[in-house]
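Hi,

Here is the structure I promised to pass on. Please have a look at it first, and then read my notes below.

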Amino acid sequence: MRIKRFLLLMIVSLLVFSPMNVAAASTAAPKDEVIYSTLQPNGKELDMYVVNSFEVEEPGKLVDYGDYTNVKNLTDLSKITKDGDKISFTASEGSFYYQGDLEKKPLPWNFDISYQLDGEAMNPDKMLGQDGHLQIKVETSANEEVNPIFFENYLLQISLTLDGERYQEITADEGTIANAGKNKQVTFTVMPEQEGNFLVEADVTDFEMEGIEISAVPSSMSIDSPEIDEMTEEFKTLSDATAEIDNGVGELANGISELNSGVSSLKNGSSDFQDGIAKVSKGSTDLISGSESIDQALVTMKNSTDQNVEAGDFGAMQDGLMQIAEGLREAGKGLTTLKENYSKAYEALDESMKTIPAHNISKDEIQKLYQSGANQEVVEKLVETYKAARTAKGTYEKVSKAFAAVTPTLDEVSSSQNNMASSLETMAEQIKAASEGMDIQESLAELQNGLATLSDKYKEFHSGLVKYTNGVSELSNSYQELHNGIVELEDGTDSLENGATELHDGTTELADSTSDLPDQMQDEVDKMINEYDKSDFNAESFVSDKNKNVQSVQFVIKTESIKKDDEEDDKQEETKEKKNFWDRLLDLFR
C-alpha cells in the first residue's frame with residue numbers, strides 16, 4: 001500500500017514538475033534570425049534557410065512562425081512540431097536554436113552579377129581555366145516585392161576573395177583592396193536606401209573563383225551632431241560679404257546709370273555743337289567773300305579818291321564810302337549770327353561735359369573690382385568707358401579756354417567792323433558837307449591818307465579773318481571724329497549700364513541665396529544625420545510578421561564558387577589517402 005502510494009506521489013511529482021508542465025515560457029521570448037542564402041554566380045537565388053535563436057529565461061513551450069518546408073532542432077534531440085506556419089517546441093533555460101528551410105522566399109535585394117573576359121560577356125562556367133583581362137560587375141537594387149524596411153535600414157558589405165597567384169593588377173574604384181594571407185580581398189559597401197554598381201578588374205590566369213560573400217546588417221550606428229558653430233560663423237561672414245558686394249555693385253550700377261545719362265547728354269550737346277560749328281564753317285565762306293569785297297572796295301575807293309580829288313568829283317567818293325560802310329555792317333551782322341550759333345553750340349557742349357562725373361578711381365580700386373568676382377567682360381567695359389570719359393573730359397578741359405575765347409573774339413571783330421562802318425559814314429557826311437562849302441582841300445588830303453591807312457589795316461584784318469575761318473573749318477572737320485567717338489562712348493555706356501544691371505541682378509540673387517546660408521547648412525547637416533542615423537531602428541522578422549520581440553535579423557549571402565569539378569575530386573582523394581588506421585576503423589562504426 002505504501003509502495004503504491006509512493007509510486008502515485010512520484011507520478012504526480014513528475015507530472016507537476018515535468019518541463020512539459022512548468023509554466024510555459026512566453027511565446028514572445030527574445031529571438032534572433034540569421035538568414036543564409038546561396039546564389040548562382042550571376043546573382044539568382046538558389047536556396048535559403050534560417051537559423052532562429054532564442055534566449056530562454058524560463059523553460060517551457062515556445063511558439064514561432066514561419067512558412068518553412070522543413071525544420072530541424074540544432075540544440076538537442078527534442079521534437080519540433082510544425083502546423084502550417086506555426087512552429088512549436090519545448091526549450092530549456094539558455095540558448096535554443098532551430099533551422100527552418102524556405103523555398104521561393106525572395107531576398108530584400110536584387111543582385112545582378114556579370115562577367116567579361118577580354119571585353120566579351122561570358123557565362124562564368126565557360127571561363128574556367130582561361131586567361132585574360134577579367135571584369136566582374138556587381139549591381140544591387142531594392143526588391144519591390146519585399147518589406148522595404150530592410151532595404152531602407154540595412155547596410156550591405158560585398159566581399160570577393162581572389163587568389164593572389166591567379167589574379168594580378170586588381171582594381172576596384174569604389175572598393176577597398178586588402179591582403180588576406182596569400183589572397184586579395186576586395187570589399188564594397190552599400191549604404192541603406194542606396195543602390196550599388198561596382199566593377200572589379202584584374203588580369204587572371206587559369207580562371208577559378210571563390211563565391212562572392214554578401215552580409216547585410218542593420219546600420220545601427222548613432223551619429224552625433226557635429227560642432228559647426230565656427231563653420232557657420234564663416235558662412236555668415238561669407239553671407240555678409242556677398243551682401244556687401246551686392247550693395248557695392250548696386251552703387252556701381254547707379255553710378256554707371258548716371259554716367260550713361262551724362263554721356264547721353266554729352267552726345268546731344270555734341271550734336272548741337274557739331275551742327276552749330278558746321279553752320280559757322282558754312283557761313284565762313286560768305287564772310288570771307290564779303291570781306292574780300294570790302295577789301296577790294298577800299299582799294300578801289302582809295303584809287304577813286306585820288307582820281308576824284310584830281311577831277312573834283314566828290315559825290316562818287318561819298319557814295320563809295322557809304323557802300324563800304326553798308327558792306328561792313330552786313331559783315332558785322334553775319335559775325336553776330338555766327339557768334340550766336342557758336343554760343344549756343346558751345347553752351348550745349350560745356351553743359352554736357354560738366355555732367356560727366358569727375359570721380360578719380362585709383363588703380364587699386366580698379367584691381368579690387370577685377371578681383372570682386374564680377375563678370376570680367378562687364379568690368380572690362382566699365383574700365384574702358386571710365387578711361388574714355390576721363391580722356392574726353394580731360395581733353396575738353398585743355399581746350400575749353402580756346403572755345404570760350406571764340407565768342408569774345410567774334411564780339412570784338414563785329415564791334416570793330418561796326419566802328420569802321422560808322423567812321424566811313426562820318427567821312428562820307430564830312431565830304432558832303434565839305435563839298436558844299438568847297439573848302440575841302442585839307443580834308444581831302446586827310447581822307448586820302450585815312451583811306452590808305454584803312455585799306456592797309458583792313459588787309460591785315462582780312463588776313464586774320466581768313467586764318468580764323470580756316471581754323472573754324474578745320475575744327476568743324478576734325479570735330480566729326482570727336483563726335484563719332486562720343487557716339488561710340490554713349491553706345492558703350494549704354495551696354496555697360498545694361499551689363500551692370502544684369503550684374504546687380506546676379507549679385508542680388510547671390511546675396512539672397514546666401515543670406516540664410518548658416519541655417520541652410522545646419523538644415524543639411526541635420527538632414528544627413530537623419531538619413532544615416534538608424535540608431536532608433538527596431539528589427540522586424542524577415543520570416544513572418546507574426547513573430548514579435550525580434551532582437552536582430554541578419555543576412556549571410558554567398559554565391560556558388562566557380563571551380564573545376566576534377567579538382568574537387570582530387571581533393572577528396574587526397575583526404576581519403578591521408579586517413580590513418582584508426583580513422584578507417586572508426587569509419588566502420590559511423
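S8 (residues 109-117) and S9 run antiparallel and pair over two bridges, where pairing calls for at least two DSSP bridges between the strands. Strand names, like helix names, are DSSP runs numbered from the N terminus: E and at least two residues for strands, H or I and at least four residues for helices. Numbering starts from 1 along each chain as its sequence is written, and side-chain values use heavy atoms, with hydrogens and water left out.

On its other pairing, S8 joins strand S10 (residues 132-142) through nine bridges, again antiparallel, and Ile113 sits opposite Val138 of S10. S10 in turn pairs antiparallel with strand S15 (residues 196-204), also over nine bridges; there Ile136 has Val200 of S15 as its bridge partner. Put together, you get an open, antiparallel sheet of five strands in the order S9-S8-S10-S15-S12. Strand S9 (120-121) and strand S12 (167-171) are the edges: each has a single partner strand, so one side of each lacks a neighbour in the sheet.

There is also an open sheet of three strands, ordered S3-S6-S5 with antiparallel pairing. Its edge strands, S3 (60-65) and S5 (80-83), each pair on one side only. The twist from one strand to the next averages 20°, taken between N-to-C directions of axes fitted to C-alpha atoms, on a scale from 0 to 180 degrees. S5 and strand S6 (residues 86-91) are joined by four bridges, and Thr81 faces Ser88 of S6 across the pair.

Strand S14 (residues 183-190) is worth a look too. Eight bridges tie it antiparallel to strand S11 (residues 154-163), and five tie it, also antiparallel, to strand S13 (residues 176-180). Thr187 of S14 stands opposite Ser159 and also opposite Thr176. S13 and S14 make a hairpin with two residues between them, and Gly181 in the turn has a positive phi of about 70°.

Now the pocket. A pocket here is an open set of points on a 1 Å grid over the protein atoms alone, where a 1.4 Å probe fits, with protein on both sides within 12 Å along at least five of seven lines; lining residues have an atom within 4 Å of a point. Of its 23 lining residues, Leu252, Ile256, Ile361, Leu369 and Leu382 are the closest to the centre. Helices H3 (229-311), H5 (363-370) and H6 (376-437) each give at least two lining residues, with H3 supplying the largest share, nine.

Finally, confidence. The protein averages a pLDDT (the predictor's per-residue confidence, from 0 to 100) of 76, and 64% of the residues score at least 70. Residues 1-27 stay under 50, and the model gives them 17 contacts beyond four places in sequence, a contact being heavy atoms within 4.5 Å. Where pLDDT is low, the predicted coordinates should not be read in detail.

Cheers

Technical notes
Predicted model: local features only at pLDDT ≥ 70, side-chain atom pairs only at ≥ 80, totals over all residues.
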